[in-house]
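Dear colleague,

I am passing on the structure below, and I would be glad if you could look through it before reading on. My notes on what was found follow directly after it.

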Amino acid sequence: MEKKTLDERYGDEVLTDNTALKHFEQCKDCLFRDKTSVQNKECGWNKGCCKMYPYPETKPHEVYKNAEPCEYYEKEKALLKINFQKCFFHGVL
Ligand code: SF4
């Protein structure tokens, strides 16, 4: 019996749009999140592990569902973005 390819088996099915799912919301700006990026877009916060829950541990299900605050959550401080050239010409430096 010849095996069908994935495309042959599921080519006419409409797949779920997982981008509509909101999981790990509090992890997005947490200091301990995974900071992996794909095509310059950070997506590591959406992983099941982080620095406080390293593999093979996983983040709590309540964090996944946004049902309870994470006990380790710590908001990452925004980095100061300084335009050095602008500061130089305006006499700040
Ligand atoms: S410490 Fe908690 S809030 Fe921060 S990334 Fe890990 S699971 Fe998310």
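Where is the place of Asn-66? Asn-66 lies in the loop between helix 2 and helix 3, helices being DSSP runs of H or I with at least four residues and strands DSSP runs of E with at least two, both numbered from the N terminus.

Two points of convention come before the rest. Residues are numbered from 1 along each chain as its sequence is written. The model is a predicted one, in which local features need pLDDT of at least 70 and side-chain atom pairs count only at pLDDT 80 or more, while totals for chains, interfaces and linings use all residues.

As to confidence, the mean pLDDT (the predictor's confidence in each residue, from 0 to 100) of the protein is 87, and 84% of its residues reach 70 or more. Helix 2, residues 61-64, has the highest confidence, at a mean of 96, whereas helix 3, residues 84-89, has the lowest, at 60.

The protein has three helices and two strands, which follow one another from the N terminus in the order α-β-β-α-α. Of its 93 residues, 6% are buried, where buried requires 20 or more other C-beta atoms within 10 Å of the residue's own, exposed 12 or fewer, and partly exposed a count in between, with C-beta atoms placed from the backbone. Among the contacts with a separation of 6 or more, 38% come from residues 24 or more positions apart, a contact being two C-beta atoms, placed from the backbone, within 7 Å.

The ligand is surrounded by 13 residues, of which Cys-27, Cys-30, Cys-50, Cys-70 and Tyr-72 are the closest; a residue is included if its C-beta atom, placed from the backbone, lies within 6 Å. This shell consists of ten nonpolar residues, one polar and two charged, with Ala, Val, Leu, Ile, Met, Phe, Trp, Tyr, Cys and Pro counted as nonpolar, Asp, Glu, Lys and Arg as charged, and the others, Gly among them, as polar.

Some backbone details deserve a look. Most residues other than glycine have a negative phi, and most peptide bonds are trans. Asn-66, however, has a positive phi near 60°, and is partly exposed, with 14 other C-beta atoms within 10 Å. Phe-24, in the loop between helix 1 (6-10) and strand 1 (37-38), likewise has a positive phi, near 55°, and is partly exposed with 19 such atoms within 10 Å. Finally, Tyr-55 and Pro-56 are joined by a cis peptide bond with omega about 15°, and Pro-56 sits in the loop between strand 2 (41-42) and helix 2.

With best regards
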